[in-house]
Amino acid sequence: QVQLVESGGGLVQAGGSLRLSCATSGTIFGYNAMGWYRQAPGNQRELVATITRGGSTNYADSVKGRFTISRDHVKNMVYLQMNNLKPEDTAVYYCNADRVMYTPGLTRDFWGQGTQVTVSS
């Protein structure tokens, strides 16, 4: 069973930094991309950043230049470095694994349980 576990959230002042980590476990035969999403109270879950298996990255306009997504295949980790945080970045951040082949011929998405990020003004 594939599992994603996020860590690194917390409370930080505006302008500060946090680094989120996502540990992946389980047998993965392949995947399309890993990503970070966030959901603020009353809002829909939105994409923050993704990184494909080939290493191509994509960012929401609101975080470009401030956030950096990276991954370590050896450690089975995905990271989100968040700099110059703003109060509007406050949300629960979720790790996502897109189109994971968890059994030969079968694919599905997987999500972590989320980690809270709170940015005070």
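**Figure 1. Overall fold of the predicted model.** Along the sequence, the protein follows the pattern β-β-β-β-β-β-β-β-β-β-β. There are 11 strands and zero helices, where strands (E, at least two residues) and helices (H or I, at least four) are DSSP runs numbered from the N terminus. The radius of gyration, taken over C-alpha atoms, is 14 Å, close to the 14 Å that the globule rule gives for 121 residues, so the protein is as compact as a globular protein of that length. The globule rule is 2.2 Å times the number of residues to the power 0.38. Of the 121 residues, 41% count as buried; buried means under 20% relative accessible area, exposed over 50%, and partly exposed in between (1.4 Å probe, protein chains only). This is a predicted model in which local features need pLDDT of at least 70 and side-chain atom pairs count only at pLDDT 80 or more, while totals for chains, interfaces and linings use all residues. Residues are numbered from 1 along each chain as its sequence is written, and side-chain values use heavy atoms, with hydrogens and water left out.

**Figure 2. Salt bridges of R38.** R38 forms a salt bridge (a side-chain nitrogen of Lys or Arg within 4 Å of a carboxyl oxygen of Asp or Glu) with D89, the closest N and O atoms being 2.9 Å apart. This pair links distant parts of the chain: R38 lies in strand 4 (residues 33–39) and D89 in the loop between strand 8 and strand 9 (91–103), 51 residues apart. R38 is buried at 6% relative accessible area, and D89 is buried at 0%. Salt bridges that share partners join R38, E46, R66 and D89 into one network. R38 also forms a salt bridge with E46, with the closest N and O atoms 2.7 Å apart. E46 is partly exposed, at 37% relative accessibility.

**Figure 3. Salt bridge between K64 and D61.** The closest N and O atoms of K64 and D61 are 3.1 Å apart. K64 and D61 are both exposed. A search of the whole structure finds five salt bridges.

**Figure 4. Lining of the largest pocket.** The largest pocket has a volume of about 200 Å³. A pocket is an open set of points on a 1 Å grid where a 1.4 Å probe fits, with protein on both sides within 12 Å along at least five of seven lines; lining residues have an atom within 4 Å of a point. Strand 3 (18–25), strand 7 (67–72) and strand 8 (77–82) each give two or more residues to the lining. Among the lining residues are T24, S25, Y31, R71, D72 and H73.

How values were computed: Grid points are joined across faces, edges and corners, and a volume is the space filled by probe spheres set on the points.
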